[in-house]
Amino acid sequence: MADDVITLLHRQHAQIRSLFAQVETTTGDEREDAWHELVRLLSIHETAEEEIVHPAVKRVDGGEPVVEARVAEEHRAKELLSTMDRIGPDAEGFDTLLVQLRDDVLAHADHEEQSEFPLLREVYDQERLERMAKAVEAAEAIAPTRPHPGVESPVANLALGPVVAVVDKARDAIRKVLG
């Protein structure tokens, strides 16, 4: 049986938790690599949720206020993540911001798991949830790899995401070459 969207997102939430722990407990290149992987995963994960998951939850009775709260959380996290990505993991004050980001992101993941995922499971059949997982994976493949606060709607993500993703992936490639 293929992963359904809920299983896929739970697994990504576990990866995010693990990456936060790595950033908090490592130093030097290892910390920087873990940080960049965390930024990438958070960026593509949220973009896919905004394009695929939130619209599906919005169509469920009572889903709209749940999605509005999650999108507000995502926007705040993107703003903080963007600032932190700009200053880098060696900057003074980064660790304080990291704790705030970690707490916000993990609370957001818990909110999704407790409020969005049950709505999806209640309304959509297994086949639909599996198709949604494939759609999330496709969206992540073309998603920006950096945070872009203000781009939280499905329309904005679809209109701007692919263009911004090309720029982000070029920056990622250059960073990788330069070390």
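Visitor: Which hand does the crossing of H2 and H3 have, left-handed or right-handed?

Guide: The crossing of H2 and H3 is left-handed. That term applies if the near helix is turned anticlockwise from the far one by less than a right angle; clockwise gives right-handed. The model is predicted: local features need pLDDT of at least 70 and side-chain atom pairs 80 or more, while totals for chains, interfaces and linings use all residues. Residues are numbered from 1 along each chain as its sequence is written, and side-chain values use heavy atoms, without hydrogens or water.

Visitor: How are H2 and H3 oriented to each other, and why?

Guide: The axes of H2 (residues 28–58) and H3 (residues 63–87) cross at roughly 160° and come within 11 Å. Axes are lines fitted to C-alpha atoms over the stretch in contact, with angles from 0 to 180 degrees between N-to-C directions. Under 35 degrees is roughly parallel, over 145 roughly antiparallel, 65 to 115 roughly perpendicular, the rest oblique. H2 and H3 are therefore roughly antiparallel.

Visitor: What makes the contact of H2 with H3, by class?

Guide: Among the residues in the contact are Trp35, Val39 and Glu46 of H2, and Val67, Arg70 and Leu81 of H3. Contact means heavy atoms within 4.5 Å. By class, there are 8 nonpolar, 4 polar and 9 charged residues. Ala, Val, Leu, Ile, Met, Phe, Trp, Tyr, Cys and Pro count as nonpolar; Asp, Glu, Lys and Arg as charged; the others, Gly among them, as polar.

Visitor: And how do H1 and H2 cross?

Guide: The axes of H1 (residues 5–25) and H2 come within 9 Å and cross at roughly 155°. That makes H1 roughly antiparallel to H2. Their crossing is left-handed. The contact includes Leu9, Ile16 and Phe20 of H1, and Ala34, Leu38 and Leu41 of H2. By class, it has 12 nonpolar, 5 polar and 3 charged residues.

Visitor: At what angle do H2 and H5 pack?

Guide: About 145°, with the axes of H2 and H5 8 Å apart. The crossing of H2 and H5 is right-handed.

Visitor: Why does Glu130 count as buried?

Guide: Buried means under 20% relative accessible area, exposed over 50%, partly exposed in between, with a 1.4 Å probe and protein chains only. Glu130 has 17% relative accessibility, so Glu130 counts as buried. Glu130 is found in helix H5. The C-alpha atoms of Glu130 and Ile6 are separated by 8.8 Å, though the two are 124 residues apart along the chain. Of the chain's 179 residues, 47% count as buried.

Visitor: Which residues touch the most other members in the largest nonpolar core?

Guide: Val5, Val53, Leu120, Leu129, Met132 and Val136, in a core of 21 residues. A nonpolar core joins buried Ala, Val, Leu, Ile, Met, Phe, Trp, Tyr and Cys residues through side-chain atoms within 4.5 Å. H1, H2, H3, H4 (94–123) and H5 (126–141) each supply at least two residues. Beyond neighbours within four places in sequence, Val136 contacts Val5, Leu8, Leu9, Ala48, Ile52 and Val53.

Visitor: How many helices and strands are in the chain?

Guide: The chain has 6 helices and 0 strands. These are DSSP runs numbered from the N terminus: H or I of at least four residues for helices, E of at least two for strands.
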